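Student: I have a model open and would like to talk through a few of its details. Could you walk me through them?

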Amino acid sequence: MPDASNAGSSDKKTLVIVESGAKADTISRFLDDEYVVSACFGHVRDLPRRAAERPATIKGQPWADLAVDVDHGFQPYYIVPSESKKHVTRLRKELKQADRVLLATDEDREGESIGWHLVEVLKPKVPYERIVFHEITPTAIDRALESPREIDKHLVEAQESRRILDRLYGYSLSPVLWRKLGQGTSAGRVQSVALRFLVDRERERMAFVSAEYWGASVNFEIDDSRLSARLLSLGGVELASQTSDFDPSTGQLAADHKRWETEETLEGLRPAMTNAAWSVARIAKTQARMRPAPPFTTSTMQQAASNRLGMGSARAMAAAQRLYQGIDLGTERVGLITYMRTDSVTLSDQALGQAADYVKSTYGDQYHQFRTYKTRSRNAQEAHEAIRPTDINRTPASLRDVLDGDDFALYDLIWRRTLACQMADAQVERTRIELQANLPEHPEDDPAVMIANGQVVLFSGWYEVLPPRGERQQLLPDVSEGDSARLLEFEPRRSESQPPPRYTEASLVKKLEEDGLGRPSTYAAIIKTLTDRNYVTRSGRTLIPTFLGFGVTDLLTEHFADLVNAEFTADMENSLDRIARGETRGEEHLHAFYFGADGEEGGLKRRVAEKIDTISFWALNLDKDGLSLDRHGDDHVGPEDIQVRIRGGSSFLRRGVGEDMRTAPLPPDLAPADLTLAQADELLETTLQLPRKLGRHPDYDDDVWLLNGRFGPFVQLGEVVGRPKRGQPKPRRASVPKGMPLPDVNLEHAIDWLRWPKALGAHPETGEEVMARPGRWGPYVQCGAERRNLKDDDDLETIELDRALALLAEPRATRRSSGNRRTNRRR
């Protein structure tokens, strides 16, 4: 461990400042008593978030809202946030007992900036230096202490420019959204581009016209073997068999060289197919080498955690943070992985050596292959290592007793990915068997063709530690060309072309990285902001833009299109990278962005001033073809026209204008691509029938009402309208079962529904009440925010606490929404 003899007099110590308490606890165990390790808990300074926090010296300035003096070099005015004041006070006291300060914040731009802010706030009169390390191990700490450096002013300037840029963008554009869509809406430099990706994809799904097409699966008997195959071609022309064969806007065949078969045409071929003389015409075998993926960067770790482990970005980063900061292993506390915010795919010599030794000793020399990787990320910034275990020999099995849940699952994945990238290629052999027969209606030189595909692994290589998802052996029988085959079964199979899939967290992170948007540390925060603002909802892993998200994107795209353009945003990232390398100054780019490159032309300030009073409304027109942006206003709305509108951040349907106008709330879980004209009519008709008084409840001596809400019609005891006021008890309510006609709902139904929910008992772990109740989508049990539907063999009347707990312990089911797809069926 470090010798403290150079730390000064015996009564003074070296103050080491890190970001988190957990990190401080781990590092302090590696250092002797001459060091005091203390946490600052993130940024100790930031731009003021609200008017009350602004320094008195800037109040009354035209740029006070920004807290950035745009007229004098974009000088920011920082404050110490209230939550950081106690940490600053503590650090100042500790500084009085120190003769040296080591700023050991994270090694990225954010960490460099935190270190600089610490110096600005604490104003140490003793020497201070910067140290960095990419893993929290004794060896890494020793190396860092041996090579301190000065704060990198270029990295600090890049991070400060980013913070100012984001403030200018958000505080200039958000007021435009507030005026038109309501308070609580906001714009963000990367956030708004990410939202546009989601909205554009949803519009693609709206415009998509599905096509129904048919193929056939068959079973053959060849000698004593069975072979499953599919119909490939008829008369020398291949059958349409995938979405790309069809035009997504019309549902018509786009591939001129393909056949579009129907159930009727294939059924008509059944006799000929069954009686034809089939034989094995061709057997093709090819070998392929499958290379392992590089070690994890932040974005690829988030993608793999989502795809393989079902973790969202925030969960994955939280688990990675815990693994990096350190885990108590009984005899020692040590960080288990390297720094988790990185664009790099390089591995240290130590890691490469450990991986080689482990692979050779565990699997054999033939399984090892030395590999180096080059970072391909468009805007790679961090020059440290990929995410890897700090010690390859610390296997997941050895940590099973100290890690659990997300921490164990993520460590296991990181460990396997690191090993796999230093292992030999997997080798597979793929076999394709073609069977042919002449049919009466086709020329002899254009036979019908069936194919069967198989695959076997010849050498497992890296598959030993990280088998690909969905990869499996597909064994085919041993047959020879020329063998006769007898068709046993011929079964036409229906398929439907699919709209482009909605983004998941994993695919959105991949898209952001590919387009050079954001940074590793920002992806989880971007997705969190989109969901917190109600711009996006989740359905399982899928991210679905809301109507509010549509409104935000449409307004920004219509009036500030370049600011929500991926290429423009990526260019801004490139500019920040140049600042970080010392190639340019931040003020130059901030001035061009805010005021325009040519003085006042094209700058954000002038454009917002010109637009903010001219943007009159936002609405989507709904018709048989789906949703389209309305650019004309109420003067062009007819009495039967239906629109989606937003007010106060909530979306609703509106039909007509004036005295005959009708509105209806939109269910919060309804995806824009799934809204149909018939659905809208039903929702609006519901509002015409409600509210309706059903009668008097005999047990409560109060009226029972049939009402309508965002989640559909419901019955309520008492006439409370809207949300109860603070302190006022919530009225007893129950949803009307889905599919029940509203005219049929009577007092007897309502009394029966209102006897729920039924308390089953307290949850043994949380102490919260477990309830059972009917719902619009079927009966369910609930504890806190967790809900699970009852199974078919469960009885709402008799369910008990143990069964409810078992249901609540099950993984949450995902709902697959098919989208508003018009199907083009060829007759």
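**A polar contact, and a strand**

Student: Which arginine does a polar contact of 2.5 Å join to aspartate 425 through the side chains?

Tutor: Happy to start there. This is a predicted model, where local features need pLDDT of at least 70, side-chain atom pairs count only at pLDDT 80 or more, and totals for chains, interfaces and linings use all residues. Residues are numbered from 1 along each chain as its sequence is written, and side-chain values use heavy atoms, without hydrogens and water. A polar contact is a pair of N or O atoms within 3.5 Å; within protein, one must be able to donate a hydrogen and the other to accept it, and residues adjacent in sequence count only if both atoms are side-chain atoms. At 2.5 Å, the side-chain partner of aspartate 425 is arginine 371.

Student: Is aspartate 425 buried or exposed?

Tutor: Buried means under 20% relative accessible area and exposed over 50%, with partly exposed in between (1.4 Å probe, protein chains only). The side chain of aspartate 425 also makes a polar contact with that of arginine 289, at 3.3 Å. With a relative accessible area of 5%, aspartate 425 is buried.

Student: Why is strand E5 (residues 98–103) largely enclosed by the rest of the structure?

Tutor: Strands (E, at least two residues) and helices (H or I, at least four) are DSSP runs, numbered from the N terminus. E5 is largely enclosed because, of its six residues, the number buried is six.
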